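Please look at the sequence and the structure below before reading on.

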Amino acid sequence: SAGTYIRTLCHDIGKLLGIGATMVSLRRTGAGIFSIADCYSIEQVEECFKAGNINDMIIPVDTLFMNLPKLKATSKQATHIFNGVRMSLRQFPLAADDTLWAVYAPNDVFIGVARAQSQTGMLVMQKRFAQEVSW
């Protein structure tokens, strides 16, 4: 539905010109850090799946957060963060400025996104992506 604005704009311009307007097609060429060059056709996905190489097409979830600063936790810290334990910012070399951090375990497993809360002085998990403790 994000294209609704463009369809409405097309309609409104046609109305303003007094001739009406209809959009024939709308193609998204990018979203966030991804472009159309990062996309695969259904046929390509099916072919890769049949060949047993579907994992080659999957983009790691932490790619979405590559613009966030990276926090590498110790094994013990990673386990606590994974389990949703609020951690004191004194345990990390972070500024308590409400920054979002991409949190990684010592073996570079992406755990999730946490916020350094200035008001509480705590690092709080916002969204966990790791499925299991594996560090």
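## Packing of helix α3

The buried residues of α3 pack against β4 (87-88), β5, β6 and β7. Here contact means heavy atoms within 4.5 Å, and buried means under 20% relative accessible area with a 1.4 Å probe, protein chains only. Helices (H or I, at least four residues) and strands (E, at least two) are DSSP runs, numbered from the N terminus.

In α3, the buried residues are Q77, A78, I81 and F82. They lie on the same side of α3 because they cover an arc of only 135 degrees around the axis, taken from the directions from the helix axis to the C-beta atoms. Just after α3, G84 has a positive phi of about 85 degrees.

## Basis of the model

This is a predicted model, in which local features need pLDDT of at least 70 and side-chain atom pairs count only at pLDDT 80 or more, while totals for chains, interfaces and linings use all residues. Residues are numbered from 1 along each chain as its sequence is written, and side-chain values use heavy atoms, leaving out hydrogens and water.

## Residue Q77

Q77 is part of helix α3, which spans residues 75-82. Q77 counts as buried because its relative accessibility is 11%. Its side chain reaches the backbone nitrogen of T74 at 2.9 Å. Leaving aside residues up to four places away in sequence, Q77 touches M87, Q91 and F92.

How values were computed: Buried means under 20% relative accessible area, exposed over 50%, partly exposed in between (1.4 Å probe, protein chains only). A polar contact is a pair of N or O atoms within 3.5 Å; within protein, one must be able to donate a hydrogen and the other to accept it, and residues adjacent in sequence count only if both atoms are side-chain atoms.
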